[in-house]
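Hello,

Here is the structure we talked about. Please open it first, then read the notes below.

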Amino acid sequence: MVAKIFLFLSGIYTVAITWLSLVQLGKISVGSFNPTDKMLHAGAYLLLVLLWKLFFVFKSHDFNKYRSNLIRIALLCFVFGMIMELLQGILTSYRDPDWWDILANSTGVIIAVVFLLLVAPYLKALRHRIH
């Protein structure tokens, strides 16, 4: 049941990031580096990795694959962020791809990976209690 909740949340969140990456939003910055915008990007991708990893933690019966699964999730989220940036330039006339956004997205992914590696024992214990 917990895995299904995280699958739903992960799916909805992925769709939300996709939509927000491609719709026309108000200008946050005028062509310059904006730290607040980059923090939002990092936070968004940190949460994306966390949600998908929690889905797999509660779905899987083999906790021994925790690290390899985490690396796959991180790589997919990294690629997803790059694709979203590229699609902004291809599919829209009002958004531009930004290397700083890719770096911010990647930073969020890396922070999530480090955090999830640190809390792995606690997640294992929680998963054991719930199952």
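A residue counts as buried when its relative accessible area is under 20%. Val49 has 0% relative accessibility, so Val49 is buried. Please keep in mind that this is a predicted model.

**Overall layout**

The protein has five helices and zero strands. From the N terminus the order is α-α-α-α-α. The C-alpha atoms fill a box of roughly 50 × 25 × 20 Å along the principal axes. Of the 131 residues, 41% count as buried. Take the contacts between residues at least 6 apart in sequence: 81% of them join residues at least 24 apart.

**Surface and charge**

**Val49 and its surroundings**

Val49 belongs to helix H2 (residues 35–59). What does Val49 touch, not counting residues up to four places away in sequence? The list is Leu70, Ile73, Cys77, Val109, Ala112 and Leu116. Ser10 is 39 residues from Val49 in sequence, with 8.9 Å between their C-alpha atoms.

**Asn105**

Asn105 sits in helix H4 (residues 99–118). Is Asn105 buried or exposed? Its relative accessibility is 4%, so Asn105 counts as buried. Leaving aside neighbours within four places in sequence, Asn105 is in contact with His41, Tyr45, Gly81 and Glu85.

**Aromatic rings**

The count comes to five aromatic pairs. One of them is Phe6 with Phe58, which is stacked: 5.8 Å centre to centre, with 5 degrees between the planes. This pair links distant parts of the chain, with Phe6 in helix H1 (residues 2–22) and Phe58 in helix H2, 52 residues apart. Both Phe6 and Phe58 are buried.

Tyr45 and Phe80 form a tilted pair, 6.2 Å centre to centre with 45 degrees between the planes. Here too the pair links distant parts of the chain: Tyr45 is in helix H2 and Phe80 is in helix H3 (residues 66–91), 35 residues apart. Tyr45 has a relative accessible area of 3%, so Tyr45 is buried. Phe80 is at 17%, so Phe80 is buried as well.

Trp52, Phe55 and Phe56 form one aromatic cluster. Finally, the charged end of Lys53 sits over the ring of Tyr66, 4.1 Å from the ring centre.

Best wishes

Key
Residues numbered from 1 in each chain as written. Predicted model: local features only at pLDDT ≥ 70, side-chain atom pairs only at ≥ 80, totals over all residues. Heavy atoms only, no water. Helix = DSSP H or I, 4+ residues; strand = E, 2+ residues; numbered from the N terminus. Buried < 20%, exposed > 50% of the residue type's maximum accessible area, 1.4 Å probe, protein only. Contact = heavy atoms within 4.5 Å. Phe/Tyr/Trp six-rings, centres within 6.5 Å; stacked < 30°, edge-to-face > 60°. Lys NZ or Arg CZ within 6 Å of the ring centre and 35° of its normal.
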